Amino acid sequence: MNRAARILLIILGVLLALILVLALAGASVARGPFPDVDGEKTVALPDECAAADAGDSAALCVALTGHGLSAPVHVYRDDYGIPHIYAENSDDLFFAQGYVHAQDRMWQMEFWRHISQGRVSEIVGEPGLENDKFIRTSGWNRIAAANTAYYEQELPEAMAALDAYAAGVNAYLVENKDDLALSQRILGLVGEPWEIEPWQPVHSIGWGVVMAWDLGGNWEDELTRARLYATLGQEATDELVPGYPFDSRPVIAPTSQLITAAAGQTTTAAAPAIDWTRVSTQLIGRPPGALGSGPLLGSNNWVVGGQHTASGLPLLANDPHLGIQMPSIWYQVGLHAPGWDVTGFSFAGIPGVVVGHNERIAWGVTNVGPDVQDLYIERVNPDNPDQYEYMGEWRDFNVIEEVIKVNGGEDVVLSVRETLHGPVISDVLEEQPDVLALRWTAAGGPSRILQSVLRINQAQNYEEFREALRFWDIPSQNFVYADVDGNIGYQMPSLIPIRANGQGMVPVPGWTGEYEWDEYIPFEELPALYNPEQGYIVTANHAAVDEAYPYFVARDWASGDRGQRITDMIEAAIAEGPIDADDFGRIHSDSYSLRAASFVPLLAGLSSDDAAVQQALDTLAAWDYQERRDSVGASLFEIFYMRLAHNVLADDVGEENISDAYSTIYFHQLAQDAAARWWDDATTPAAESREDILLRSLTEAVAWLNENLGGDMDEWTWGRLHTATFASTPLGESGIGPIESLVNRGPFPADGGSDLVNANNWSWEAPALVRSHPSMRMIVDMSDFDASRWVIPTGQSGHPFNAHYDDQIELWLNGEYLPMRSSQAAVEAAAIDHLVLQP
């Protein structure tokens, strides 16, 4: 978590770290937390809890009261540790899911719940404080508590699942709370042991808030655009960072194909005039990257109808792109009970299956990225810092006191101020008296996402699927759908605000009342498709709607490169004959760069007296634009492109603004515009041409690669630069090699890159280390569910040295899959472990 444990561990010194490694890396310690996966096991019940140590286990035992199993539950695991759970009722099913999640991933769940509550400092001490301050200020913990209260009052079905799930986790904790994971032991030695609390429904609901934050925010984009407006002016900023290229890239749900007409009206995009010298943008704390962040982050999914497939029934694929981590963010599972027959990907800590299929339907998700956050500039009363202005009146801030406990330190008391728009997230500075308040759809009402997940798991057709998505309030996702009757579809759900003025592109005056949210886009008018004429649907974070759609959803979509490439590959496969799962697998692993297709042909007419640069030109001319780990062309192009962005932008926007002012969309346009003003280097008296800057960039790339990879160009393969390291939080980010080697895996040479279908994204700040990645891959065959395929990047287990901690890494790197079995016959035939949980 942003190297949260670095300070805490470094102060111990390398010598102590080595001693800990020797003391804790032994087999007995490493294997201590390994779960029982075979035989019979009676889970802890309240009567048995009475005999437990009252001081340590009393709270856990109280949490279990009334929530034991009512009948035996069977858990079958295959040779990759993937469990299928068979229960006689839903309560037992979710109890067992909680227990099984805890067996494999309790450390991940423990750390995640501390993230969601803004309590990481309780584990890692002072290094977690800045993240906790931001989370508490933004109110993730308060939102989760409000949602939990709503579930208790209004959603008894979902609450029952949450309660049963929590009881299963707590049954595991009664047995294992002092030996959850190797990370717990190490952190308990270098800091003070913290209390392992009972799992509660708010911890599951809280992770839904974290998901919504990471996948549904654009507040940082507002600050970035405002800063660029102040530095470059609005005209230059809007040229460099343009809107979506509707004329050259696909749209997910064209207005002409929507199943329900929308009748809204788009608001104006005019930006208000702001005196930025008065506005404090210094944040309270530091935002965490729970699911990962970085340039060109995104996801892919697509579905092809039976008229184009070899089986005559649909195929559906998905690969969400999230931050690289250890263990995987996803957990593969099958859930089977009366009324439940679902297989797919879950989050450890949450009941149900988030992405997958049941016995009749399948679904996949990518992020929509709608604008669901706005920053409001609030004027603070100069005579009373406890008041802010709204429509000519001074109003009192609502003040909330948050107490942050710090491992090894004193409590920190944080006073959070709220306006009618939301929490104030920037500090008041003497020279900048105005502050920023954050408005977010998640804080405007209850989020019913877990209710939605459970209803999707049970949906039997498109109508029930759409009805389930009415409850998917946040974060907005592009859902693709298929069923065994041969239908395919698409739905965008969630709360997307309708603004009275503006489009939320920059912070707006909060005191005028002119920029409020009127309401949300009605669910019936959100984009939906059903059996579109072309027989396929593709989503890759590109524009969900076209310019004819009457509501504003977002201005800034993904570039459309991935959406275009997937569309092109599907259409080529259709033209060649029936599509099968192998075709889908090739699309998943495709590393073709459309950026290279725009720029490499421009090098064809160039030459150099420098033999190495000429060799680079020749290598790129012969390259197929596939960014494979064994490709020299990929290394040359990506470092050339990195230097090209610098040479085009730095002289005009400043070194510090290159990443913010860069846009793939504009650079595609720039490649075709030799007369663009940005080609000239303003720091020289000469007038540089496009060709001058291209050759300069390639020359610099050759020098960079020579310095970093040595003098033999044949050895400059992409995999030497582009590597994936799966790091465990927080020990894997400690900066101490021996400690990191216990819990991390890698680095591994990896195919793919940024803005490619095989989206192993990296940043120019750290060339070319993978920051986000396809966090799973899934192909569902509606004609035979047992022929479906899936893989995650790491393994099922969260325990280092367990056989299933890293046993899917090579499969994932090589574009391979495991069988996604779901029928009981296939599951039992493949099982190597059979655990019976007895009441």
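Colleague: Before we get to the sheets, when do two strands pair here?
Modeller: This is a predicted model, and the strands in it are DSSP runs of E.

Colleague: OK, so in what order do the 3 strands of the open sheet with β11 come?
Modeller: Start at the edges: β11 (380-381) and β13 (393-396) each pair on one side only. Strand β12, residues 384-390, pairs with β13 in the antiparallel sense over 4 bridges. Antiparallel pairing goes for this open sheet, and its order is β11-β12-β13.

Colleague: Which residue of β13 is the bridge partner of Q387?
Modeller: β12 spans residues 384-390 and pairs with β13. Across that pairing, the bridge partner of Q387 is D396.

Colleague: Let's move to β17. How many of its residues are buried?
Modeller: Buried means under 20% relative accessible area. In a regular strand, side chains alternate between the two faces of the sheet. On one side of β17 you have Q477, F479, Y481 and D483, on the other N478, V480 and A482, and both sets are buried. So the strand is largely enclosed by the rest of the structure, and the count is 7 of the 7.

Colleague: And which residue stands opposite D483?
Modeller: β17 pairs in the antiparallel sense with strand β9 (residues 361-367), over 7 bridges. Opposite D483 in β17 stands I361.

Colleague: What about β18: which residue there is the bridge partner of V480?
Modeller: Strand β18, residues 488-491, pairs with β17 in the antiparallel sense over 4 bridges. The β18 bridge partner of V480 is Y490.

Colleague: Which residue in the hairpin of β17 and β18 takes a positive phi?
Modeller: That hairpin has 4 residues between the strands. The positive phi, near 100°, belongs to G486.

Colleague: Is Q672 buried or exposed?
Modeller: Q672 is found in the loop between α23 (664-671) and α24 (690-709). Leaving out residues up to four places away in sequence, it touches S598 and R690. The cut-off for exposed is over 50% relative accessible area. Q672 comes out at 57%, so it is exposed.

Key
Residues are numbered from 1 along each chain as its sequence is written. This is a predicted model: local features need pLDDT of at least 70, side-chain atom pairs count only at pLDDT 80 or more; totals for chains, interfaces and linings use all residues. Side-chain values use heavy atoms; hydrogens and water are left out. Two strands pair if DSSP finds at least two bridges between them. Helices (H or I, at least four residues) and strands (E, at least two) are DSSP runs, numbered from the N terminus. Buried means under 20% relative accessible area, exposed over 50%, partly exposed in between (1.4 Å probe, protein chains only). Contact means heavy atoms within 4.5 Å.
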